[in-house]
Every structure is written in C-alpha cells, then in structure tokens.
Amino acid sequence: MRDHFHSTTPHGEATRGHVIHWAPVYDWVFGGILRRTHGAVVDLAALSAGERALDVGCGTGSLAVALKASAGPTGSVHGIDASQEMIEVARHNASRAGVDLNFQVGLAEAIPFPNGTFDLVVSQLAIHHLPDDLKQSAFAEMYRVLKSDGRCLIIDFEPPKSVPWRLVARMVLGREMMRISVTDYRVLLENTGFTKVETGRTRYRLLSFVRGQVAR
Ligand SMILES: C[S@@+](CC[C@H](N)C(=O)[O-])C[C@H]1O[C@@H](n2cnc3c(N)ncnc32)[C@H](O)[C@@H]1O
C-alpha cells in the first residue's frame, strides 16, 4: 500500500498532491457513504443534457457516474485523477454501471484538456489533497478549461464546529483535515477570476461547497 506526498503519473508528471493509491480499499471504506451524498452534489451541479463536465480528482468515479444521468447521451462526463489505481477502479465502476465515461490519469494543476472545453468542472474532497500553491494552480486550470460561461463546483469537508465533535474528527481524520476552510477556497476562486462566487452547505453536515462562474 503506497500513500505519499510525491507521486509521478505514468506520463512522468510529478505532483506534490497527496495521491491515494489504495483505490479498491477506498471504495470499500468510503464508497457507500459517498454514494449517499451524490444526489445533493448532482443537484448543486445542475448539469443540463448535452453539457460536458469534468471531475477533477475523481477517485473511483462514483460522482462522475451519478453526473452522467444529467448529461444524457448527448453530453459527456470526464474524470481525472493523479492515481493510476483510482482511474482503473473508476473505469471498472463505470463499465459495471453500464455508463460511457472518460477517465484518465491527470493532474489538477496541469489539466490535460484544451482551453474552453467544459461547461462544468466539479471537484469533491480532492482540493484539500493539494498544498496551498497547487490549490491556486488547480483553480487557474479549472478556469482555463471552462467555456466562457462555464461554472465550477468545489465540494469539500467542513470540520465540525462543536469542540467534542472537532476532537473526534481530529482523532479519526487527522489534524490537517481540521484546517480545511471553504472560505479560503472562496478567496482563491475570486483571485483566479471567477465571478458570482458563493459558499454554502450541502444537505450533509460535513460537506460544504464553493462555486463560481467564468466571465470572459
Ligand atoms: C479523498 S479522494 C476524493 C476522490 C473523489 N473525488 C471522491 O469524492 O470520492 C482525493 C483524490 O484526489 C486525488 N489527487 C491528489 N492529488 C491530485 C492531483 N494533484 N491531481 C489530481 N488528483 C489528485 C487522489 O489521488 C484522490 O483520488
């Protein structure tokens, strides 16, 4: 089992992001919980039939699978992850679900698509895996690959507010997770040039979102 802070993709690109290589275990541990939250995320994403969406740090691809129903047969959903193992499981999951999705190894800070490709970029629970300078690069890349009226939706962990629950969360998830702040993401999105930036909570207490629009 490998899980370290410096990883190289099969194309030789290195990232300082925290790459997860234990993909089959990830699905087994978190898959059931995450699948229950996808309905709320799909609602927030508001993807329309025929649109093109990209999931950055897609992991085992379950959110991409859920999004495909909104994109419909004329739309497309793509997923990238720095982990080859995650991409392999994502492809397997899509094929088992009988949906046509496009997964490839790729980095959030160097998204392997041309300018203006997507209507929507989503990223769930992945941005906190990047050091601060790469977070800003990842948002700049999302902006670049979005169409002129495209939008991004970032979902991440919201540390609990009450002291007892913070202590429990810190014990289970580690100190780093307690530093996640959707407000910080908001500033980074605004610095990148996104407009109409707003934050909020999903229906799930521990998941918050920030979203913004491109205005070129
Ligand atoms: C906690 S998982 C979330 C996966 C999925 N989005 C979900 O909601 O289940 C974070 C993912 O980010 C990926 N990751 C880490 N650094 C990355 C980078 N620089 N570019 C793309 N993905 C990265 C990890 O490999 C991992 O699959």
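Let's start with one pair. The bridge partner of Leu153 in strand S9 is Arg211. Strand S7, residues 146-157, runs antiparallel to S9, and seven bridges join them. A word of care: this is a predicted model.

Now the whole sheet. It is open and has seven strands. Read the order as S5-S4-S3-S6-S7-S9-S8, with mixed pairing. At the edges are S5, residues 102-105, and S8, each pairing on one side only. From one strand to the next, the twist averages 15°. Helix H3, residues 84-97, packs on this sheet. H3 touches S5 and strand S4, residues 76-81. The direction of H3 makes about 165° with that of S5.

Next, two helices. H1 covers residues 23-45 and H2 covers residues 62-71. They pack at an angle of about 40°, and their axes are 9 Å apart. The crossing is right-handed. Who makes the contact? From H1, the residues include Gly31, Leu34 and His38. From H2, they include Leu63, Ala66 and Ser70. By type, the contact has seven nonpolar residues, four polar and one charged.

On to the ligand. There are 22 residues around it, and Gly17, Gly57, Gly59, Ala82 and Ala108 come nearest. That shell divides into 12 nonpolar, eight polar and two charged residues.

Last, Arg203. It sits in the loop between S8, residues 195-201, and S9, residues 207-213.

Key: Residues are numbered from 1 along each chain as its sequence is written. This is a predicted model: local features need pLDDT of at least 70, side-chain atom pairs count only at pLDDT 80 or more; totals for chains, interfaces and linings use all residues. Axes are lines fitted to C-alpha atoms, for helices over the stretch in contact, and angles run from 0 to 180 degrees between N-to-C directions. Helices (H or I, at least four residues) and strands (E, at least two) are DSSP runs, numbered from the N terminus. A crossing is left-handed if the near helix is turned anticlockwise from the far one by less than a right angle, and right-handed if clockwise. Two residues are in contact if their C-beta atoms, placed from the backbone, lie within 7 Å. Ala, Val, Leu, Ile, Met, Phe, Trp, Tyr, Cys and Pro count as nonpolar, Asp, Glu, Lys and Arg as charged, and the others, Gly among them, as polar. A residue is near a molecule or strand if its C-beta atom, placed from the backbone, lies within 6 Å of it. Two strands pair if DSSP finds at least two bridges between them.
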